[in-house]
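Let's take a walk through this one together. Have the viewer open and follow along.

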Amino acid sequence: MIKNVTGIVIKQKEWGERDLLVSLLSDEGERLDLVVKGAGDGKSKRKNHIELMNRIKGTVYDSPRHAYLQTVECEESFFHLKQHFERVFQVYVLLEVIEQSTLPENADPQLYELLEATLTHLNQKSVSCLGAEIGLVKWGEALGILPSFRVCGDCHKNLADGAHWNHDKQVVLCQDCTLPHCEELPLKYRKALEFFKSATFQECSSIVFQEEEVFKLRELIPYLLRGHLEKPLKSLMAF
Ligand SMILES: [Zn+2]
């Protein structure tokens, strides 16, 4: 059976000697693993089209063993994003989280729209310094795996004063409920994280952060999702 597909390349790896396996997040929010015959060959023209992060359009042939990407055309390569080394590295983390957390049973077109909106934002000239991380927060919220940053995950009281992140239980705890080995979560971070869940990228860009705060949030945000993933994030080890 042959069908049309549109999606964003979230992973690529070698497949046999001459082929590549690309993983797409399709516009229906489904993760598709597709063999691209001959694309591992240096001379392949299709190889440029299926670069990581590209939005592609193509045809898929479904066989009982594998699905094959046949014709393929890159619709958007997010060229400006790819000119910024730092942005690319941050997107790697996002793509790895997406790759690990996109399950066939929770396919949702909104997840695709979210990834596309994140890449589109990061493809602009001036972007939020936390663009990819805001995308991660939104992804976690869409999957329902983020804790509340407003109320305590144990006693449900308002987190007015101090609050701590507990990685084992994946919750934010108030002063009274906090446990050993929790990490302090300042009010500014909690407010920003709660805001990132639902505000637009442009609205998020209006929050001013000090360099040190950017650094902390960049470190913290993937950590908030990590407990829900099966494998450690390889792209984080590169930092
Ligand atoms: Zn509490």
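Start with helix H4, where Leu111, Tyr112, Leu114, Leu115, Thr118, Leu119, His121 and Leu122 are buried. Keep in mind as you look that this is a predicted model. H4 covers residues 109-122, which is 14 residues, and it reaches 20 Å from its first C-alpha to its last, close to the 20 Å expected at 1.5 Å a residue. Look also at the start of H4: a side-chain oxygen of Asp108 comes to within 2.9 Å of the backbone nitrogen of Gln110.

Now zoom out. The protein splits into domain 1 (2-76) and domain 2, which is made of 79-149 + 185-237. The contact draws 19 residues from domain 1 and 20 residues from domain 2.

Next stop is helix H5 (131-143), and in it Leu136. With a relative accessible area of 2%, Leu136 counts as buried because the cut-off is under 20%. What does Leu136 touch, leaving out residues up to four places away in sequence? The list is Val93, Leu94, Val97, Ile221, Pro222 and Leu225. For a sense of scale, pick Val60 as well: Leu136 and Val60 are 76 residues apart in sequence, and their C-alpha atoms sit 29 Å apart in space.

Lys197 is in helix H6 (residues 187-198), and at 14% relative accessibility it counts as buried. A polar atom of the Lys197 side chain lies 3.0 Å from the backbone oxygen of Pro147. Pro147 also turns up among the residues that Lys197 touches, along with Val137, Lys138, Glu141, Leu146, Ser148 and Phe149, again not counting residues up to four places away in sequence. Then there is Glu99 in helix H3 (residues 85-101). Glu99 is buried too, at a relative accessible area of 11%. With residues up to four places away in sequence set aside, Glu99 touches Ile10, Lys11 and Arg31.

On to the backbone. Most residues other than glycine have a negative phi. Met53 has a positive phi of about 80° although it is not a glycine. You'll find Met53 in the loop between helix H1 (46-49) and strand E4 (55-62). His156 is another non-glycine residue with a positive phi, this one of about 65°, and it lies in the loop between helix H5 and strand E6 (163-166). Which of these two is buried and which is exposed? Met53 is buried, with a relative accessible area of 2%, whereas His156 is exposed at 57%.

Finish at the metal. The zinc ion is coordinated through the SG atoms of Cys152, Cys155, Cys174 and Cys177, at 2.3 Å. Along the chain, these donors follow the spacing C-x2-C-x18-C-x2-C. Why call the arrangement tetrahedral? The 4 donor atoms subtend angles of 105 to 113° around the zinc ion, and that makes it tetrahedral. As for the cysteines themselves, Cys174 and Cys177 are buried.

Methods. Residues are numbered from 1 along each chain as its sequence is written. This is a predicted model: local features need pLDDT of at least 70, side-chain atom pairs count only at pLDDT 80 or more; totals for chains, interfaces and linings use all residues. Side-chain values use heavy atoms; hydrogens and water are left out. Donors are N, O and S atoms within 2.8 Å of the metal (3.2 Å for Na, K and Ca); water is not among the atoms, so sites may look incomplete. Four donors count as tetrahedral if all angles lie between 85 and 135 degrees; four count as square planar and six as octahedral if opposite donors are over 155 degrees apart and all others between 65 and 115; anything else is irregular. Buried means under 20% relative accessible area, exposed over 50%, partly exposed in between (1.4 Å probe, protein chains only). Helices (H or I, at least four residues) and strands (E, at least two) are DSSP runs, numbered from the N terminus. Contact means heavy atoms within 4.5 Å. The expected span of a helix is 1.5 Å times one less than its number of residues. A polar contact is a pair of N or O atoms within 3.5 Å; within protein, one must be able to donate a hydrogen and the other to accept it, and residues adjacent in sequence count only if both atoms are side-chain atoms. Domain bounds come from an automatic or database domain assignment.
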